[in-house]
Amino acid sequence: MNNFVFQNLTKLIFGKGQIAKLSEELPKGKKIMVTFGGGSVKNNGVYDQVVAALEGFDFVEFWGIEPNPKVETLRKAVEQCKREGVEFLLAVGGGSTLDGTKLIAAAAKIEADAWELVCNPKLYEGTLPFASVMTLPATGSEMNRGAVISNLATGEKYSFYNTYPVFSILDPEATFSLPKFQIACGLADTFVHVMEQYLTITDCSPLMDRWAEGVVQTIVEVAPKALAEQKEYDAMATFMLSATMGLNGFVAMGVPQDWATHMIGHEITALTGTTHGQTLVIVLPGVMNALREQKGGKIVQFGERVWGISEGSKDERIDKTIEATEQFFRSLGLATRLSELSIGEDVVSEIVNRFSERGTLLGENKNIDYRLVEEILRQRM
Ligand code: NZQ
Ligand code: ZN
């Protein structure tokens, strides 16, 4: 096991009716900005619950943080924060709303432009404190430091790191209004987050392995219930907590991490607008196959413990595990090939060019260069 430091600062407030707790958790006497996406919270009652809990607080609303939040939109909120002396931010919505808010909170503290901050973490000078009411289980953003920000003008999408949300409120009932496609993408995103922290080497941390396998097995078990017409509270609660646990540091202690699937997936989104979770299920089987030598031991362990594959040669077991993983993604109703989404040669070439120009090396061993990215993507056409 590698050395590690673990500290997660977010207070997690979970369950039915918990949005009302905002009145206890928000700082009294501070100017608050409440941030939203495109309006889903107005249709599912979340907005009304938030506004009721905010009675007596001094707050302004900022609407319109879009999926894959764009810096062009976030700049307007930064400007408003500075102009109106905002002291605390509350994101109400999915991962995009919260990610965007993480950048707003940090950019409000500096003179430089918000995109410069994304590209140059040295400009970071602290943050306005922020919290969330999360309505979409997927990103784990509610309990991590990460944010992924897009730039409409340049077609880029990069990660940015702030501090942790002060608190996050997760009411599984808020997820009942999610479209099936978003649920499928959220299940996929959670699955792949765990895989990025798991699918490296064997025998590094048996505890992290079991924990990671436990989250993935839970996602596999709960997926059909989460996707069923009639939403079950317990199923959505299990899914929601799994998403949080998948990317809040709990499965990452002392183990190497990969993240190649995400880095390649982000480029697909940046160039085509494809939803995040959908990109991941296309890429992951390609990464597993292209890295079958390096990751073989762990793929076999995963296949045995999660899919029950225990027969055949090592190569056969790796093939069966990749196939079972792709089958699971298809059972969510997602595409697993680029061609199914009419993504073709031009996009693949542009992604390969970008990795080549940036000289990026991906994966736990930093050995996935642009040539290997090309191999991965060509397998997924
Ligand atoms: O904008 P509104 O109207 O709220 O609608 C949203 C949006 O259209 C809708 N939605 C959210 N909650 C809903 C709902 N619709 C009905 N009922 C509800 N309860 O869902 C759509 C997608 O929302 P979005 O926030 O974009 O989805 P998600 O939470 O999957 O976030 C995706 C973004 O997170 C980044 C992705 O790259 C992408 O930009 N990621 C962030 C990470 C992090 N912060 O740690 C890690 C992830 O790997 C990921 O990269
Ligand atoms: Zn993700």
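Where is the place of Thr135? Select Thr135 to begin: this residue sits in the loop between strand S5 (130-134) and S6. Helices (H or I, at least four residues) and strands (E, at least two) are DSSP runs, numbered from the N terminus.

This is a predicted model, in which local features need pLDDT of at least 70 and side-chain atom pairs count only at pLDDT 80 or more, while totals for chains, interfaces and linings use all residues. Residues are numbered from 1 along each chain as its sequence is written, chains are lettered from A and ligands numbered from 1 in the order in which they are written, and side-chain values use heavy atoms, with hydrogens and water left out.

**First stop: Thr135**

With a relative accessible area of 6%, Thr135 is buried. Buried means under 20% relative accessible area, exposed over 50%, and partly exposed in between (1.4 Å probe, protein chains only). Display the surroundings of Thr135: not counting residues up to four places away in sequence, it touches Val41, Val46, Gly93, Gly94, Ala174, Thr175 and Leu178. Contact here means heavy atoms within 4.5 Å. A polar atom of the Thr135 side chain lies 3.5 Å from the backbone nitrogen of Gly94. A polar contact is a pair of N or O atoms within 3.5 Å; within protein, one must be able to donate a hydrogen and the other to accept it, and residues adjacent in sequence count only if both atoms are side-chain atoms.

Next, select S6 (146-151). Because 6 of the 6 residues of S6 are buried, the strand is largely enclosed by the rest of the structure. Gly146, Val148 and Ser150 are buried on one side, and Ala147, Ile149 and Asn151 on the other. Two strands pair if DSSP finds at least two bridges between them. Opposite Ser150 stands Lys157 in S7. The hairpin of S6 and S7 has 4 residues between the strands, and Gly155 takes a positive phi near 70° there.

Which residues are the closest to ligand 1? They are Ser40, Gly95, Ser96, Lys157 and His193, within a shell of 33 residues. A residue is near a molecule or strand if one of its heavy atoms lies within 4 Å of it. H5, S6, H7 and helix H10 (260-272) each supply at least two residues of this shell.

- Ser141 places a polar side-chain atom 3.3 Å from a nitrogen atom of ligand 1.
- His262 has an N or O atom in its side chain 2.8 Å from an oxygen atom of ligand 1.
- His266 has a polar side-chain atom 3.1 Å from an oxygen atom of ligand 1.

Taken alone, ligand 1 exposes 960 Å², of which the protein buries 89%. Accessible areas come from the Shrake-Rupley method with a 1.4 Å probe; for residues, only the protein chains shown count as cover.

Select H10, whose 13 residues reach 18 Å from first C-alpha to last, close to the 18 Å expected at 1.5 Å a residue. The expected span of a helix is 1.5 Å times one less than its number of residues. Among the buried residues of H10 are His262 and His266. The buried residues of H10 pack against S6, S7, H7, helix H11 (276-290), H14 and H15. Just after H10, Gly273 takes a positive phi of about 80°.

H7 is mostly covered, with 16 of its 19 residues buried.

Asp58 lies in strand S3 and counts as partly exposed, at 44% relative accessibility. Leaving aside neighbours within four places in sequence, Asp58 is in contact with Lys30, Lys31 and Ile32.

In the loop between S3 and H4, select Asn68. Asn68 has a positive phi of about 55° although it is not a glycine, and at 15% relative accessibility it counts as buried.

Finish with helix H4 (residues 71-84). Its buried residues are Val71, Thr73, Leu74, Ala77, Val78, Gln80 and Cys81. What covers them includes strand S2 (31-36), strand S4 (88-93) and helix H6 (114-119). Just after H4, Gly85 takes a positive phi of about 65°.
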